[in-house]
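Reader: I have just opened this structure. Could you show me how to read it?
Author: Gladly; here it is.

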Amino acid sequence: MGLYSITTKILKSIAYPSELVPSIEEDDGHHHFDPVTEHEGAKLGMWLFLATELLLFGGLFAAYAIYRAKYPEMFMLGSSSLDVVLGSVNTVILIFSSLTVAVAVKAIQENRIQLVKVMLWVTIICAAIFAVNKYFEYTYKFGKGIYPGTDIFYSIYFAATGIHMLHVFIGMAVLGVLLRKVYQNKYSKDNFTAIEIGGLYWHLVDLIWIYLFPLLYLVG
Amino acid sequence: MEWLPTSASTFAPGVDFILWLVTIISVLSCIVVGAMLVYLVVKYRRRSDNDSTPAITHDSFLETLWTVIPTILCVVIFIYGYVYYDEYTTTPKNAIEINVTGKQWIWSFDYANGKKTLNDLYVPVNQPIRLVMQSTDVLHSFFVPAFRVKQDLMGNRYTYINFTATKEGVYDLYCTEYCGTAHSDMLGKVHVLSEAKFAAWEDGSADKAKKASAANIPPAELGKQLYSSKGCVACHSIDGADGVGPTWKGLFAKNRVFTDGTSANADENYIKESILYPGEKMVEGYGPVMPSYKGLLDDAEITAIIEYIKTLK
Amino acid sequence: MDNNGGYKSLINIWLLLMFLTFITVWIAQFDFGALNVPIALLIASLKASVVALYFMHLKYEDGMTWIFATYPIFLLFLLIGFTVVDMFSRVIN
Amino acid sequence: MSEAQESNYLENGHGFKSWFYTVDHKRIGVMYLWAIGVFFVLAAIASFLVRAEHLTPGQTIVSADTYNVLFTLHGAMMVFLFIVPGVAASFGNFLIPLMIGAKDVIFPKLNLYSFWLYLAGAAIFLIALAAPADTGWTFYTPYSIETGANVILITFGVFVLGFSSILTGINFIVTMHKLRAPGMTWDRLPLFCWAAYATSLLQVLATPVVGITLLLLIGERYFGLGFFDPAKGGDPVMFQHFFWFYSHPAVYIMILPAMGIISEIMPVFSRKPIFGYKAIAYSSLAIALISFLVWGHHMFVSGQSKLINIIFSVITYAVAVPTAIKVFNWLWTMYKGSIELSTAMLYSLAFIFLFTIGGLTGLFLGALAADVHLHDTYFVVAHMHYVMIGGTVFGFFAALHFWYPKMWGRMFDEFKAKIAFVLIFIGFNVVFFPQFIMGTLGMPRRYFNYAPEFQTFHQISTYGTWIIGVGFILMLWVLMRPLPGKAEGNPYDSLSLEWSMDSPPGTFNFDEIPTVTEPVYNYGTKIEAEE
């Protein structure tokens, strides 16, 4: 019994790390501000956060610009070894998932909870397919003896797609938490800020990929 | 008291001019700010709890004044900084090129005639010199205060320093980019020689003369000099302290265990081999970082070093 | 907030993105030499702007959000710009 | 006093949980204050050991490797655990909502998470103490790739701390946009808030770049990525570009909040409106924008191209001017005032003087030709400490004394605090002034060993640390032993909002959100009509 409950607790906390954090009391609601301010504040805050994400990838884009100019042949060769078909498929998947998130954000404002659920599920599944594709792409590269550090092109390729992948996983986790709360009927047309800013985050994941795809796979 | 290091290059007077110019500006500004501060604090100190004070919020004249004056000063300083920097970075005609290699924690210099020195750079006076520098490991920085020149060295790319020494003498050379344990011992000397002396040094006659005088001092004493002048000091201690390399204290005749499991006694032949081919027998616990001294030390000098090690009990 | 168009317009936007993706893949088989990267970046930026404006509703946000959304792009140009200028102006002097 | 307000924020709940899980911005601010205080002491101890080592050339108390670790820890802890989060997170948290007339920051929970992230980063640092790095706080490659010391842990710690400061920055910016009380227009915003706003912008926009840089550095050590490693075709100068793209704005992250503090204290103790409100407010913002354009002046001799050196030198002097303007504005605030030399005021005046020296010595370093000589010598060390201690730390101490009644609801012994001030002021100058001369004479920094001719300077400098150390201890002792009796709500007759309530404030700050009707710092009789 004891072991069982501990095990479930551990598993649950892995699935929902947010539950490890004890619920924080907000002092009888005194810290709540009026809903419009909170909604607009949250959006502004999220845009600022997206700005930091952009600059985080900015370092990689700068490295790309410099080394591409310095070693054009290496980039030509490396780029042509990447699988354009797999990359294109992933691009289509990611853009589609962006659409589904946008639809979910729209749907929640009209209280169409069922549609929100479907759209979020589709988004998460798209993200999973993206991850699986990437897994195959990586293992194929490893199989050919190509690792981060093989040369600077592959270092950029692995660093950029790897950090992007990390964002995909974080995005999946965020959407998962949102979906769970949708099932718990936490959101409605009067309370959809979380879905909107979660959606913004997912769009950013898409945005970064929109640049990574041509730079890494196509321009060779 | 000296405020600036000896000025011994064509570049130094320009730098010194800027240093003095900005010093004067700074001292005057500090006096203005300090005097204003003290004057205001004293003059307008609180006299009673209900002093009446005017509500002054701005004053266009004053604000323009203290915007314009700093701006002008900044422009002037920038221009001087640029002018002398431009002079410094422009390669002089007929410069002698010397290759400089930085390595943890030794400077080595390769001259056009095939000569090579460690930690001692020899240059003729009044002759433009161009140093072509590279590092074989981490970043280093070549700094000679007397010349007011400094430049980082890195791997896989050459960097340059131009200078013309104006005064004969021996000047300090420092590494100023942090490079690890013995960073502060990565020192050298720049010997600025008269043309005649430099020519003598170049064709080796100076070496012979030096050797002749070296013959007059006891080998152990010569070994002691070589210990610091050839850069051994950066890695090997003489007081038993552990460094990058093994200490020399009590080294002679000691049993050494090598990384391949074999061992040997540190006799004369072993020490000589270690100086000429340091990578051959690596003592347990140390890395292969020592450069070969083949061609940098002659037999007499190696013997002198061995004699010196023998004295360190 | 309510004026962000119907679902239909979202789908239209998506179709536009798909089209641009097709273009960028298709155009990659031709070699424009030095223009390869600028063309790819141009199309990517077009796609990114569409995503930002419509999917992320930037079109309907206030000025402050626009500033926060665009200032980092300026900084990015700064970082890349100065670093690249440094790399390629290291002529022997 | 309403029922909700019957206890102040310090008494509303006791015990570990009531603090550790609080969303009250004031309690979070106080916790930051304690945390950064601890790391300030640790980092200061490291610096005292560094100085003691320099009493004699060669080994005095520690070996070369230990010395390298000590200066790395001193720099890294001071920068990443004390000064960068320091004033902004502690006093920023405590003061911003009070000053703008809000009940809290806009994301109270996020605020708490940022604090936990700070603690997590700090914990990683503490673990790293067991096997510390020896790279210097700048982590320059390729040394940081090749050294056998443990670099990964400490860089990861910095990465986590970076997240904390990004989230805090976002919180502050949005708070100031959305939660200003009615009538609190931007041109009535206290200058501390302006400074905190500019600081937050820098934190949000600069920190991610150092984040990716350090991640890539970790990647270099794990996978050998090769971006920054010349042996693999990478470029160490690019690492420096990335690093200073953050770390130069970080200098302003460190100094701007202190400037804000001075702008608050000068008018109160002069009973005058701040001179040139708009100039100071806008120059904070201008500095926040321009400071992104000057990072290359840290790299004049690192192998940057000549062209880019010249560009960076020009822009550097452009930033110097707004800073000079601020100094004169503070000074002229005292003109025709009624000046009270309280401890906080003394620290502020010392700030102005020392910061002037720090700024002026920056003029030497911005001049290309002079920087070639002075770069990486003790001159730079002294310049930086005049700005960071003479500026930021003196500003921080001024704030500690100025808002002491508000924070703790008690008063402290002014006389003893002034003695501590004198010791710190003298000690500081004794430590760092000789370093200017030493540096000009060519003494390189980060040197374990040094030539005997520098010994006198080094010794004077070391003796200075003992004076400043005594001053620190005395100051701490004075602040730890408040005078009996409760502090008034507004002991200095200040006009800004944080003084309009009891000391210490109640948990919800304001019974009722106030309406602001007049400019901040509206001191003095209107003898001279405005405009």
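Author: The axes of helix 2 (residues 25-53) and helix 3 (residues 64-100) of chain D come within 7 Å and cross at roughly 155°. This is a predicted model, where local features need pLDDT of at least 70, side-chain atom pairs count only at pLDDT 80 or more, and totals for chains, interfaces and linings use all residues. Residues are numbered from 1 along each chain as its sequence is written, while chains are lettered from A and ligands numbered from 1 in the order in which they are written.

Reader: How are helix 2 and helix 3 of chain D oriented to each other?
Author: Angles over 145 degrees count as roughly antiparallel, and therefore these two helices of chain D are roughly antiparallel. Their contact divides into 25 nonpolar, seven polar and two charged residues.

Reader: What is the strand order of the sheet in chain B?
Author: Two strands (E runs in DSSP of at least two residues, numbered from the N terminus) pair if DSSP finds at least two bridges between them. In chain B, five strands form an open sheet in the order 4-10-9-6-7, with mixed pairing. Strand 4 (120-124) and strand 7 (149-153) of chain B are the edges, each pairing on one side only.

Reader: How many bridges join strand 6 and strand 7 of chain B?
Author: Five, in the antiparallel sense, with strand 6 covering residues 140-144. Across them, S141(B) has D152(B) in strand 7 as its bridge partner.

Terms used:
Helix = DSSP H or I, 4+ residues; strand = E, 2+ residues; numbered from the N terminus. Axes fitted to C-alpha atoms, helices over the stretch in contact; angles between N-to-C directions. Parallel < 35°, antiparallel > 145°, perpendicular 65-115°, else oblique. Nonpolar A, V, L, I, M, F, W, Y, C, P; charged D, E, K, R; others polar.
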